[in-house]
Amino acid sequence: MHIYCLFLLELSSSQKGLHLIELVDDVFSLGERVFQLDMELRSEKQRYSMLAGTVLGYKGAGIGRIDEKGTPDRCEFWCMSKDDVLGSAPVLPAPEAVSSHRSLYADFSRSCHSLTMVILDCLETQLGLPNGAFRSRHRIEWPSSDQSRQIRYLPQPEEDRRTSLVPHTDYGSVTILFNVLGGLQVLPEGSTSEEENWLWVKPIRGCAIVNLGDAMVKFTNGFLKSPMHRVTYAPGEQASLTRYSLAYFTRPEDQCLMKRLEGSEMIPELDDDDEDLDVTAGEWVRTRVRAAQVQKDQRAQFPLWATKGLK
Ligand SMILES: O=C(O)CCC(=O)C(=O)O
Ligand SMILES: [Fe+2]
């Protein structure tokens, strides 16, 4: 047995949840202003793009790919590292509109991280793991590649609409996602990626969309599964609007090993040929980001775990 995890979580019935909803509204408004700087962000490519060897700062539309033919993606990212905004890592360059709101990004990071801990506590209990099994691997003050990602999808021309963000599973532990418009789709477990198999994830005001990433698959040796998802143009009249999206990716601490956790009877034993990685979470994320950025014919230089699932 295993569990394939993507769900909506209602936030408006708790004070902390209501506070997060307010922060989300503020980050969305700020996002609109940040992306209006797209000309500056693009022309300052060297300063703001793909900072710190990973996807931080600005990623312009068309830099990523949506399929194996190399078709360019249609989304822009602005990504802020948790360690940067909490002041535990060097401050990365950012335009004034962003740097003057560092405390908002810090509050948003803390709030999403704290929500993730509640989710991880539930999973820990349900799995019968020893106390603190997840928390001890996700201490907010320890270096990790946690990040907030603001995304803009410009409306696509009516005669040329298609997938805008590549089908993927997230790398980390838990993703907390906020959408206003439709466009996000999930592939039901076991389905092949034909168009008709993708299901819409309809956003609901006051709810976060929660999905598990591949680190949870490693920790539970496949008991928990990360859902394959993608973004396409929004259905119906929404397709003519700009779509903004906001995600917080909680990932294990950089020095944590990407290994099956001990102590739960629900987590299956490793088979002899299963890989249990002596790779730290920091290395895992950096390598997977780099592997996803190269063309298919250059993938041989990467270990198998870094390219699994790439088209
Ligand atoms: O924009 C969305 O709704 C999804 C974004 C996403 O899946 C990601 O950035 O990993
Ligand atoms: Fe994702």
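Predicted model: local features only at pLDDT ≥ 70, side-chain atom pairs only at ≥ 80, totals over all residues.

Q: How many helices and how many strands does the protein chain have, and what box do its C-alpha atoms fill?
A: Along the principal axes, the C-alpha atoms fill a box of roughly 50 × 40 × 40 Å. The secondary structure of the chain consists of nine helices and 13 strands.

Q: What share of the contacts with a separation of 6 or more joins residues 24 or more positions apart?
A: Buried residues make up 36% of the 311 residues in the chain. Among contacts with a separation of 6 or more, residues 24 or more positions apart account for 74%.

Q: Which strands stand at the edges of the open sheet of seven strands?
A: The order of this sheet is E2-E10-E7-E13-E5-E4-E3, with antiparallel pairing. An edge strand has a single partner strand, so one side of it is left without a neighbour in the sheet. The strands in that position are E2 (6-10) and E3 (57-59).

Q: What is the average twist from one strand to the next in the sheet ordered E2-E10-E7-E13-E5-E4-E3?
A: The sheet is open and has seven strands, paired in the antiparallel sense. From one strand to the next, the twist averages 25 degrees.

Q: Over how many bridges does E10 pair with E7, and over how many with E2?
A: Both pairings are antiparallel. E10 (residues 207-212) pairs with E7 over four bridges, and with E2 over five bridges.

Q: Which strands does helix H6 lie across, and at what angle does H6 run to E7?
A: Helix H6 spans residues 102-127. The strands that H6 lies across are E4, E5, E7, E10 and E13. Relative to E7, the helix runs at about 125 degrees.

Q: Which strands form the open sheet of four, and which of them stand at its edges?
A: The order is E6-E12-E8-E9, with antiparallel pairing. E6 and E12 pair over two bridges, and His 168 stands opposite His 229 in E12. Each edge strand has a single partner strand, so one side of it lacks a neighbour in the sheet; the edge strands are E6 (165-168) and E9.

Q: Which elements give two or more residues to the shell around ligand 1?
A: The shell consists of Arg 149, Ile 151, Leu 165, Asp 170, Leu 177, Asn 179, Leu 184, His 229, Val 231, Ser 245 and Ala 247. The elements that give two or more of these residues are strands E5 (147-153), E7 (174-179), E12 (229-231) and E13 (243-250).

Q: How many residues of each class are in the shell around ligand 1?
A: Arg 149 and Asp 170 are among the residues that surround the ligand. By class, the shell has two charged, three polar and six nonpolar residues.

Q: Is Trp 200 buried, exposed or partly exposed?
A: Trp 200 is in strand E9 (residues 199-200). Beyond its neighbours within four places in sequence, Trp 200 is in contact with Gly 182, Gln 185 and Pro 235. Within 10 Å there are 13 other C-beta atoms, so Trp 200 is partly exposed.

Q: Is Gln 36 buried or exposed?
A: Gln 36 belongs to helix H1. Its C-alpha is 12 Å from that of Ile 151, a residue 115 positions away in sequence. With 12 other C-beta atoms within 10 Å, Gln 36 is exposed.

Q: What is the phi of Asn 221?
A: Asn 221 is in the loop between helix H7 (214-219) and strand E11 (224-225). Asn 221 is partly exposed, because 19 other C-beta atoms lie within 10 Å. Its phi is positive, in a residue other than glycine, at near 45 degrees.

Conventions: Residues numbered from 1 in each chain as written. Chains lettered and ligands numbered in written order. Near = placed C-beta within 6 Å. Nonpolar A, V, L, I, M, F, W, Y, C, P; charged D, E, K, R; others polar. Buried ≥ 20, exposed ≤ 12 C-beta atoms within 10 Å, placed from the backbone. Contact = placed C-beta atoms within 7 Å. Pairing = 2+ DSSP bridges. Axes fitted to C-alpha atoms, helices over the stretch in contact; angles between N-to-C directions.
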